Amino acid sequence: MTENIQAVYQGCFKDLNEIKVSPMSRAYLFSDSIYEVIPFQNRKLICPQEHFRRLSHSASELKIIIDIQKVQEEVSHLFNNSSHEDGYIYYQISRGVDDIRSHIYSPDISNETFGYLTPIKFLSKSLKVGICEDIRWGRCDIKTTSLLGNVMQMNNFNNQNCDEIIMHRNNIITEGGASNIFFVIDKTIYTPKLSKNILPGITRDLLIDLIKENKISFEEGDFLIDDLTKASSIWFTSSTKGIADVTEVIDFNINLDPNNELLKKCKDLYNLKISN
Ligand code: PDD
């Protein structure tokens with residue numbers, strides 16, 4: 001049992017253990033739900049407005065009508081009522097609870113909302129990763145809880161002690177199982193361009209702004225798994241990982257430098273930005 005995790009369900013704040021949900025929730029029946037993970041570090045929420053904007057975008061793509069003001073108030077309430085230094089707030093909105101299971105939802109259905117705050121330590125972690133096909137659906141730009149493709153592929157590598165995966169469609173790199181990917185060849189940083197095949201990561205965006213502000217050579221585009229053989233550094237970005245570099249890619253011939261200059265520079269710029 002989880003002790004003392006503060007949560008909110010349908011607008012009521014309570015302990016996570018006290019929340020009961022209906023099995024007729026469309027989140028449960030269809031994964032018909034969207035979510036955000038909003039991190040905080042040193043008692044400061046990181047890019048909350050960007051997370052709310054992406055949640056609104058996910059909702060509008062799925063035609064789920066949400067009250068973003070209410071979401072912001074509930075997130076603030078969870079945050080202001082906790083004393084943890086570092087952690088994140090998970091917030092999920094499902095389309096609602098069905099009377100009877102039906103793919104076609106009723107126009108009268110109303111949102112089901114759920115959030116909780118949990119402490120975590122943001123440790124600078126190095127990752128062992130595997131490479132695999134991206135088997136997900138065609139709208140990975142929407143942050144939905146339908147994550148079975150990610151779950152399947154990440155768990156396929158789990159018995160080899162991998163922490164992340166590098167996914168590709170027809171050899172074109174997309175992203176990690178739960179993060180965006182960057183890599184360095186010579187003095188340039190590369191990352192896959194935004195498309196319906198990847199999530200527009202908030203950390204990705206934040207880092208790209210820093211890279212551009214600092215006039216570091218940078219390219220967004222379509223890149224092949226083969227391009228990674230020339231990479232001297234690969235890293236992932238996400239709200240919970242920050243910037244986490246790869247130390248080993250299993251079954252792949254690559255020489256990664258843990259002291260890569262651009263990796264170090266990006267980590268420094270990122271840490272400075274979020275501590276301000
Ligand atoms: N995952 N790509 C995928 C598939 C993700 O699941 C995530 C984040 C990202 C990075 O996005 P951001 O920088 O906005 O966190 C990219 C979150 C942390 C999760 O599902 O737990």
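Modeller: Before we start, one rule for reading the sheets: two strands count as a pair if DSSP finds at least two bridges between them. Keep in mind, too, that this is a predicted model.

Colleague: Fine. Then how many bridges join E3 to E4, and which way do they run?

Modeller: General idea to begin with: strands of a sheet pair through backbone hydrogen bonds, either parallel or antiparallel. Here, E3 and E4 run antiparallel and are joined by two bridges. To find the spot by eye, look for Gln-41, which stands opposite Lys-44 in E4. The two strands make a hairpin with two residues between them, and Asn-42 in that turn has a positive phi of about 50 degrees.

Colleague: What order do the six strands of that open sheet take?

Modeller: Read across the sheet and you get E2-E1-E6-E5-E3-E4, with antiparallel pairing.

Colleague: Let's zoom out. Which domains does the assignment give the chain?

Modeller: The domain assignment has domain 1 at 6–119 and domain 2 at 127–275. Taken over C-alpha atoms, their centres are 26 Å apart.

Colleague: How many residues of each domain are in contact with the other?

Modeller: 20 residues of domain 1 are in contact with 13 residues of domain 2. On the domain 1 side, E3, helix H2 (48–61) and E5 each supply at least two residues. E3 gives the largest share of that side, seven residues. If you sort the domain 1 side by class, you find nine nonpolar, seven polar and four charged residues.

Colleague: Now the other sheet. What is the order of its eight strands?

Modeller: This open sheet goes E9-E8-E7-E14-E13-E10-E11-E12, and its pairing is mixed. Strand E9 (172–173) and strand E12 (218–221) are the edges: each has a single partner strand, so one side of each has no neighbour in the sheet.

Colleague: Is E11 largely enclosed or left open by the rest of the structure?

Modeller: Think of burial as a neighbour count: a residue is buried if 20 or more other C-beta atoms lie within 10 Å of its own, and exposed if 12 or fewer do. Four of the five residues of E11 are buried, so this strand is largely enclosed by the rest of the structure.

Colleague: Where is Asn-171 found, and is Asn-171 buried or exposed?

Modeller: Asn-171 is in the loop between E8 and E9. With 12 C-beta neighbours inside 10 Å, Asn-171 counts as exposed. Its phi is positive, about 75 degrees, although Asn-171 is not a glycine. Compare Lys-215, in the loop between H5 and E12: phi is near 55 degrees, and 7 C-beta neighbours inside 10 Å make Lys-215 exposed.

Colleague: You mentioned H5. Which strands does H5 lie across?

Modeller: H5 lies across strand E10 (180–185), strand E11 (188–192), E12, E13 and strand E14 (242–249), at about 125 degrees to E13.

Colleague: Last one: which residues are closest to the ligand?

Modeller: Of the 15 residues surrounding the ligand, the closest are Leu-199, Gly-201, Ile-202, Thr-203 and Ser-239. Helix H5 (202–213) and strand E13 (233–238) are the elements giving two or more residues to this shell, and H5 has the largest share, three residues. By class, the shell splits into four nonpolar, nine polar and two charged residues.

Definitions and conventions:
Residues are numbered from 1 along each chain as its sequence is written. This is a predicted model: local features need pLDDT of at least 70, side-chain atom pairs count only at pLDDT 80 or more; totals for chains, interfaces and linings use all residues. A residue is near a molecule or strand if its C-beta atom, placed from the backbone, lies within 6 Å of it. Ala, Val, Leu, Ile, Met, Phe, Trp, Tyr, Cys and Pro count as nonpolar, Asp, Glu, Lys and Arg as charged, and the others, Gly among them, as polar. Domain bounds come from an automatic or database domain assignment. Two residues are in contact if their C-beta atoms, placed from the backbone, lie within 7 Å. Axes are lines fitted to C-alpha atoms, for helices over the stretch in contact, and angles run from 0 to 180 degrees between N-to-C directions.
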